[in-house]
Amino acid sequence: MTGFGSARKSDADYVVDADVRSVNNKFLKISLKAPEALSRQKMVFEELVKAKVSRGTVDITLKLQRGDDGSNFNIRQGVVESYITQLSALKNATGVAGEVDLALLLSLPGAVESSISLDDDDLRAQIVSLAKEALEAALTQLAEMRATEGEALFAELSGMVDSLQTGAEQVETR
C-alpha cells in the first residue's frame, strides 16, 4: 500500500522532523536519509519501521535542527580555501574561463559540516529519543493512510466481484 506520514517532535534544544513515504513492494525495503548524527542510528530506526510495516518500499527522511535558531552547519574555512587554491591552479593550468562560485564551493564534499555532534552520550540519547518519537508518530499516520487505502480498495474490488457474480448469474439463466 502507498502512504505518507509526517511528524515533528521538539524539546527545549532540538527539533526533529520525520517524513515517511511508502509504495507497494512484495518485500520490505527501507531507505533512510538523515543527517550524519542520526544516520549512525540507522538500525534503531529500521527496527521501528519493521515493527509497524511488513512490506513495501519505505523511504524515511529525518531532519534535525537546533531549537534555539542557532546554526545547524559550520563552514570549514580551511577546506574551502584549499578548494579555491586548487581550482585557481587548475584554471591557470588549463586556461578554462570562469570564476570560482561560492555556492559551488559550499556544495563540494567536506566544505560544510553539521554543527550538531552526537559524541556526548546524553545528547545522543536525547536526540535519538526525539527522532524515535517523531518517526513513530509519522509511522502511525502512514499506517492510518495505508488502512484507509486498503478499505477503499476492498470496497472497489467487492463491487467488481458483485458485478461479476451478477453477470455470471445472468449468463446462467440464459
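This report walks through the sheet and the helices of the structure above.

The model is predicted, so to read it well note that local features need pLDDT of at least 70, side-chain atom pairs count only at pLDDT 80 or more, and totals for chains, interfaces and linings use all residues. Residues are numbered from 1 along each chain as its sequence is written, and side-chain values use heavy atoms, with hydrogens and water left out.

**The sheet**

Let's start with the strands, which are DSSP runs of E with at least two residues, just as helices are runs of H or I with at least four, numbered from the N terminus. Four strands form an open sheet in the order β1-β2-β4-β3, with mixed pairing; two strands count as paired if DSSP finds at least two bridges between them. At the edges are β1 and β3 (28–33), each pairing on one side only. From one strand to the next, the twist averages 15°. Angles here run from 0 to 180 degrees between N-to-C directions, and axes are lines fitted to C-alpha atoms, for helices over the stretch in contact.

The pairings are laid out here:

| Strands | Sense | Bridges |
|---|---|---|
| β1 (residues 3–10) and β2 (residues 14–23) | antiparallel | eight bridges |
| β2 and β4 | antiparallel | 10 bridges |
| β3 and β4 (residues 56–66) | parallel | six bridges |

A hairpin of three residues connects β1 to β2, and arginine 8 faces aspartate 17 in β2. Moving on to β4, its arginine 66 is the bridge partner of tyrosine 14. Its glycine 56 stands opposite leucine 28, while its threonine 61 is the bridge partner of lysine 33.

**Helices on the sheet**

Helix α2 packs on the sheet and touches β3 and β4 (contact means heavy atoms within 4.5 Å). The direction of α2 makes about 140° with that of β3. Helix α5 lies across β1, β2 and β4, and runs at about 150° to β1.

**Helix against helix**

Two packed helices are described by the angle between their axes and the distance between the axes. For α2 (residues 42–52) and α5 (residues 121–173), the angle is about 25° and the axes are 10 Å apart. The two helices are therefore roughly parallel to each other, a label for angles under 35 degrees. On the α2 side, the contact is made by Val44, Phe45, Leu48, Val49 and Lys52. On the α5 side, the residues are Val128, Ala131, Lys132, Leu135, Glu136, Leu139 and Thr140.

**Helix α3**

Finally, helix α3 (residues 77–94) has 18 residues and spans 26 Å from its first C-alpha to its last. That is close to the 26 Å expected at 1.5 Å a residue, where the expected span is 1.5 Å times one less than the number of residues. After α3 comes glycine 95, with a positive phi near 75°.

Technical notes. Parallel < 35°, antiparallel > 145°, perpendicular 65-115°, else oblique.
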